[in-house]
Amino acid sequence: MLGNLNTVLAPVAGRACAVGAFNVTESTMFKAVVEAAEELRAPVIVQVSPNEVEFCDVELYRYFTDRLWHSPIPCALHYDHGKTFEGCMGAIRAGFTSVMFDGSRLPFEENIALTREIVRAAHAAGVTVEGEVGSIGETVDFETGAVDAMVYSDADQAARFVAETGVDALAVSIGTVHGLVPVGYKPKIRLDVLEGIAARVPVPLVMHGGSGMPDDQVAQACRQGISKVNVSSEFKRAYYERVAQVVASDPSAASPTKIAAQAVEEVKEIVKHKIELFGSAGVVACC
């Protein structure tokens, strides 16, 4: 069943758990994510980033939406980290049921103004919107463990942002890092920051940077207010590593289905682990 963020997050409301949101690039990763969620009877959010949307033809997302419409679990197709009004509107025209506008690096007032404009247009089409306050860390150098200075979300700003924009969900910066955690970097989720925001903000909270974070910290964050967790780099890295292993073991291999089959199973196992970690396995009654 294809819906928006409100539809997909409804089954975890009040359960102290979160829905997994997995960024996919093409159909085999999409297949792995959806099948894993269906097998665990968990709602799922399929996400695509702007660079991936630009890389693929719009017809791919027609296939995605058709497959999700026929799924027995609540699903959403979400445009992740949109940076422009035009990009978000293009995603809506392509069939996405939810969009994120990331104005976190803009001045706060500008972030509010642009997010509000996108919310008005998206809501008119029945599409939900995720915004962001604070800046999630970005890896500068994977080998040295360098991460740029993240800006933790402020509870007062978060409450004002939600009230003035009307967003349906809010991404918050609480210590996570986009991409794989760099070598030697010691990530730590600031549960105190999360607690303060959760007490002030009435919409579901989103944690970006779910790849490689310590399981115990992620699970605790889901119990304390996170409703959506984004995962991308961790399973993509595993996918391509398994493809490389298969090709190396059989240099004559030329069938994409045979080469990708093991990689799909690898992704499914990672996605299942994440769903169970987030606590959303089995929350869908009929599947």
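Tutor: Buried means under 20% relative accessible area, exposed over 50%, and partly exposed in between (1.4 Å probe, protein chains only). This is a predicted model, in which local features need pLDDT of at least 70, side-chain atom pairs count only at pLDDT 80 or more, and totals for chains, interfaces and linings use all residues. Residues are numbered from 1 along each chain as its sequence is written, and side-chain values use heavy atoms, without hydrogens and water.

Student: What is the mean pLDDT of the chain?

Tutor: pLDDT is the predictor's confidence in each residue, from 0 to 100. Residues 140–146 stay under 50, while 93% of the chain's residues reach 70 or more. The mean for the chain is 91.

Student: Is aspartate 192, the salt-bridge partner of arginine 190, buried or partly exposed?

Tutor: A salt bridge puts a side-chain nitrogen of Lys or Arg within 4 Å of a carboxyl oxygen of Asp or Glu, and here the closest N and O atoms are 2.9 Å apart. Arginine 190 has 29% relative accessibility and therefore counts as partly exposed. With a relative accessible area of 45%, aspartate 192 is also partly exposed.

Student: How many residues apart in sequence are the parts tied together by glutamate 52 and lysine 236?

Tutor: Both residues are buried, and their closest N and O atoms are 2.6 Å apart in a salt bridge. Glutamate 52 lies in helix 3 (residues 50–55) and lysine 236 in helix 10 (residues 233–249), so the separation in sequence is 184 residues. Helices here are DSSP runs (H or I, at least four residues), and strands likewise (E, at least two), numbered from the N terminus.

Student: Which side chain of opposite charge is nearest to aspartate 80?

Tutor: Aspartate 80 sits in strand 3 (residues 75–82) and is buried, yet has no salt bridge. Lys and Arg count as positive, Asp and Glu as negative, and His and the chain ends are not counted. At 5.2 Å, the nearest side chain of opposite charge is lysine 228.

Student: Within what arc do the buried residues of helix 7 fall?

Tutor: In helix 7 (residues 155–165), the buried residues are Ala155, Ala158, Ala159, Phe161, Val162 and Thr165. Seen down the axis they line one face, because the arc (of directions from the helix axis to the C-beta atoms) is 160 degrees.

Student: And which elements do those buried residues of helix 7 pack against?

Tutor: Packing rests on contacts, meaning heavy atoms within 4.5 Å. The partners of these buried residues are helix 6 (108–124), strand 5 (128–133), strand 8 (169–172) and helix 8 (191–200).
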